[in-house]
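Work through the exercises below with the sequence and the model at hand. Try each task before reading its solution.

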Amino acid sequence: MISIIFSLAMMPLVSKADEKTLLVQYAPGEIMQLIAPVTEPEKRALRDRYFEQNAETARKHGYRQEGVLLVEETLSGDFSPNVFVISRWPSLIAQKTFQALSSFSDVKALRREAWEALRLYDYELPDVLSLEFSQDKAYTIAFAWANPSCPGDNAEYLASLPPLLDKVGGRLMHNFEGIVLSAHNPHALAPQYISLIEWDAHDGIQQLQALPEFAELTKKQQSGTVRYELYRVSPRI
């Protein structure tokens, strides 16, 4: 079972180029953890109890919250988290050591009570990664589950996307592959791709979808996936 989400009231440990920018940087071997909760106000006391029993121990094992992406709109899919919390573990060993503690095992069952739904996506960094989010830009994050019958179609879609993004002021910040998922449903499958896109304009994605050549390209995305989720997000700075 992958680690915890921290209270959104906690101050993230981040680098800021200025007051409008959130800069998150990872070194090779670190774990980027993206946490997607669905919360209910009446369960706040349970979440507070969960944090109290886990937060300090997790920090001692190297866990850090880096920042928060607020979900403005669910554009595709039937899962609607409140936020995506960007966090890190210093290594897979550090994370697994924490997960093996009896103190964590004793309280992790609280997750089902404290959150309506909770997904934790882990990605081990093979290289240096720098992600910069600005209040002056717009962002989307996509989750794609590949179609085993057409395994290369979504990869082809992603490879062909950057030139079209250039036409509408968009940029593929990073595409993550090899994700590990933990969720309330122990049989839930991880997406094969998580893609972050930055847009110069809030309606950038609508401009992309209006391009004639995108209509043809999107057929590859549709045939190459069995499930697809897309969210409009903004950084909390």
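**Exercise 1.** In which loop is A109 found?

Solution. A109 is found in the loop between α3 (102–107) and α4 (110–114). Helices (H or I, at least four residues) and strands (E, at least two) are DSSP runs, numbered from the N terminus. Next, take the accessibility: A109 counts as exposed because its relative accessibility is 54%. Buried means under 20% relative accessible area, exposed over 50%, and partly exposed in between (1.4 Å probe, protein chains only).

Two notes on the source apply throughout. The model is predicted, so local features need pLDDT of at least 70 and side-chain atom pairs count only at pLDDT 80 or more, while totals for chains, interfaces and linings use all residues. Residues are numbered from 1 along each chain as its sequence is written, and side-chain values use heavy atoms, with hydrogens and water left out.

**Exercise 2.** Determine the order of the strands in the open sheet.

Solution. Nine strands form the sheet, in the order β8-β10-β7-β11-β3-β4-β2-β5-β9, with antiparallel pairing. Two strands pair if DSSP finds at least two bridges between them. At the edges are β8 (170–177) and β9 (180–183), each pairing on one side only.

**Exercise 3.** Describe the surroundings of β10 (residues 193–199).

Solution. Begin with the pairing. β10 pairs with β7 (residues 138–146) over seven antiparallel bridges, and F143 stands opposite I194. β8 and β10 also pair in the antiparallel sense over seven bridges, with R171 opposite E198.

Then consider the faces. In a regular strand the side chains alternate between the two faces of the sheet. In β10, Y193, S195, I197 and W199 lie on one side and I194, L196 and E198 on the other, and all are buried.
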